[in-house]
Amino acid sequence: TDLTPEQRRQAGVPRELRGALVTDVSEDSAAWKAGLRPGDVVRDINRRQVEDAESAIELAQSLENSRILLRVW
């Protein structure tokens, strides 16, 4: 999801940081096994900047069934 001002404040996320907030991760998924958790902010996918939730979804779907490099805050 997109980060709201309240979520930014609660998590201490700097205002200038762009990304998408992870709200749910299936415990049987590769993402969970790699350490992705609700509350993480995805900043980059395969070195491409994530601006918001929509761009994160588009990037992830284009790489389906591939290894994905995430930069997470």
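## Basis of the model

Helices (H or I, at least four residues) and strands (E, at least two) are DSSP runs, numbered from the N terminus. Residues are numbered from 1 along each chain as its sequence is written. The model is predicted, so local features need pLDDT of at least 70 and side-chain atom pairs count only at pLDDT 80 or more, while totals for chains, interfaces and linings use all residues; side-chain values use heavy atoms, without hydrogens and water.

## The largest pocket

A pocket is an open set of points on a 1 Å grid over the protein atoms alone, where a 1.4 Å probe fits, with protein on both sides within 12 Å along at least five of seven lines; lining residues have an atom within 4 Å of a point. Of the 24 residues lining the largest pocket, Ala31, Leu36, Val42, Ala60 and Leu70 are the closest to its centre.

At least two lining residues come from each of β1 (20–21), α2 (30–33), β2, α3 (53–62) and β4. The largest share, four residues, is supplied by α3.

## The loop between β2 and β3

Asparagine 46 is located in the loop between β2 (41–45) and β3 (48–49), and arginine 47 is in the loop between β2 and β3 as well. Phi is near 50° for asparagine 46 and about 65° for arginine 47. Most residues other than glycine have a negative phi.

Arginine 47 counts as exposed because its relative accessible area is 73%, whereas asparagine 46 is partly exposed at 30% (buried is under 20%, exposed over 50%, partly exposed in between; 1.4 Å probe, protein chains only).
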